[in-house]
Amino acid sequence: MSQTTEQAGRSGGDAATSGGPAAVAARFWPAILALALGGFTIGTTEFVTMGVLPQLADGVDISIPKAGHVISAYALGVVVGAPVLAYFGAKLPRRALLLGLMAAYALFNALSALAPNYETLMLARFLDGLPHGGYFGVASLVAAGMVAPERRGRAMAMVLMGLPIANTIGVPAATWLGQHLGWRASYWVVTALAALTIAMVLSFVPHLPGNPEATGRRELLALRKPQVWFTITAGAVGFGGMFALFSYVAPMATRVADLPDAAVPLFLLTLGLGMVVGNWVAGIMVDWSLKTSLLIAPLGMAATLLLSWVLLPHGYVVLPAMFLVTGVGSVLALGMMMRLIDAAEHAETLGAALSHGSLNIGNALGAWLGGLTIAAGYGYASPLLIGSVLSVAGFVVLALAFRVDRSERSGHSAASRS
């Protein structure tokens with residue numbers, strides 16, 4: 001664990017213990033709820049595009065594979081926004097930064113809902129992705145600073161729980177609205193959620209200063225660390241497996257499983273429930289063993305994606321397998337964030353934000369490669385096979401990262417003894 005994170009955890013733990021358990025809960029849980037609502041808002045806007053992909057494609061007169069590029073545009077925004085916001089925002093008061101990021105979400109989702117054509121929609125989705133990594137990074141650091149160091153995984157998982165709950169409730173509901181009222185209604189729902197998050201953060205999250213010692217240069221120095229790049233690469237490649245499924249779940253359900261449009265919200269609900277359960281398990285697992293969790297998760301995702309490919313033609317029978325895909329994917333997501341925070345050391349804001357940039361490279365990669373296989377005529381189930389390959393590749397990168405890290409530590413120990 002990095003010194004910076006340890007200090008944050010100790011200061012949070014000391015603050016938490018002053019005033020007794022009742023006072024701790026009175027401050028902690030409302031703040032966590034407000035932060036998680038922001039995650040719920042972000043999760044809804046990130047994934048609802050996948051649920052209304054056929055309607056969106058018809059609405060702006062493009063093919064479904066081309067509509068998948070809208071998903072990639074959002075993911076690219078996350079990748080670009082994460083380091084930029086960490087560079088400029090590390091010193092800013094954390095509550096004020098959270099409010100500004102959520103205001104941007106409200107604005108750019110409204111622009112998405114009003115987009116008159118494909119080009120404008122692509123721009124709106126790119127802009128909407130910019131605040132994503134910054135929000136989750138800052139919110140996770142706020143939560144981790146409110147508990148003792150040995151419980152930071154569970155605290156961060158509580159903030160991230162907003163995202164899987166979005167997939168359980170927000171995305172299916174917004175998808176249903178998009179199917180019945182038009183795809184633009186889905187983005188208006190998220191605009192309203194962003195406004196509600198602003199009110200909740202103002203009401204319950206305390207004023208918190210930024211890191212006074214942070215500078216943009218010091219944040220970017222973390223990019224010189226090999227373990228940071230190993231982890232970014234592993235997340236980008238490995239998490240592409242889950243997004244290969246997520247991006248095309250609507251046509252998988254209707255065109256491969258041969259189910260009606262009404263089945264799509266049920267598929268999305270299943271994926272969301274897998275993330276909820278997986279996120280809860282992830283908090284426990286990464287506090288137990290971060291390394292083991294990170295090695296198990298991508299292999300589990302590869303296996304469950306293959307199982308989903310086998311079962312998809314049989315209709316609803318595939319749902320338990322898809323539940324497991326997002327369950328193990330949630331373990332990978334939380335593990336990657338904690339690994340990046342530790343690897344970045346004093347640049348913890350950048351590390352936390354880059355974790356979501358990394359995962360959204362996986363979002364773009366999974367959507368893009370899945371679209372290529374569909375366009376090449378391999379069918380709407382083919383992204384599941386591509387996803388399995390990506391997951392295995394993520395495991396290989398992680399295994400190599402841990403081996404290099406062990407060699408470096410052994411070298412430092414030998415040098416210190418001599």
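Q: In which helix do Asp128 and Arg125 both lie?
A: In this predicted model, the side chains of Asp128 and Arg125 meet in a salt bridge, at 3.0 Å from N to O. The two residues are 3 apart, about one turn of the helix. An α-helix has 3.6 residues a turn, so residues three or four places apart point the same way. The helix that holds both Asp128 and Arg125 is H6 (residues 118-129).

Q: Is Asp128 buried or exposed?
A: A residue counts as buried under 20% relative accessible area. Arg125, the partner of Asp128 in the salt bridge, has 0% relative accessibility and therefore counts as buried. For Asp128 the relative accessible area is 0%, so this residue is buried.

Q: How many salt bridges does a search of the whole structure find?
A: One of them joins the side chains of Asp128 and Arg125. Another joins those of Asp405 and Arg339, at 3.9 Å from N to O. The search of the whole structure gives a total of 2.

Q: How many residues apart are Asp405 and Arg339?
A: The side chains of Asp405 and Arg339 meet in a salt bridge. This pair links distant parts of the chain, with Asp405 in helix H19 and Arg339 in helix H17 (residues 319-344); their separation is 66 residues.

Q: Which residues does Asp405 touch, not counting those up to four places away in sequence?
A: Asp405 lies in helix H19 (residues 382-417). Its relative accessibility is 12%, so Asp405 counts as buried; Arg339, at 13%, counts as buried as well. Beyond four places in sequence, Asp405 touches Gln227 and Arg339.

Q: Which helix supplies the largest share of the nonpolar patch?
A: Leu76, Val80, Val84, Tyr87, Phe88 and Leu220 form this surface patch, with about 530 Å² of accessible area together. Leu220 is found in helix H11 (residues 216-221) and is partly exposed, with a relative accessible area of 32%. The largest share, 5 residues, comes from helix H4 (residues 64-89).

Q: What percentage of the residues in the protein chain is buried?
A: The chain contains 19 helices and 0 strands. It exposes about 15,800 Å², of which carbon and sulfur atoms supply 69%. Of the 418 residues, the buried share is 58%.

Methods
Residues numbered from 1 in each chain as written. Predicted model: local features only at pLDDT ≥ 70, side-chain atom pairs only at ≥ 80, totals over all residues. Heavy atoms only, no water. Patch = residues over 30% accessible without salt bridge, like charges linked within 9 Å, V, L, I, M, F, W, Y side chains within 5 Å. Areas by Shrake-Rupley, 256 points an atom, 1.4 Å probe, with all protein chains shown as cover. Salt bridge = Lys/Arg side-chain N within 4 Å of Asp/Glu carboxyl O. Helix = DSSP H or I, 4+ residues; strand = E, 2+ residues; numbered from the N terminus. Buried < 20%, exposed > 50% of the residue type's maximum accessible area, 1.4 Å probe, protein only. Contact = heavy atoms within 4.5 Å.
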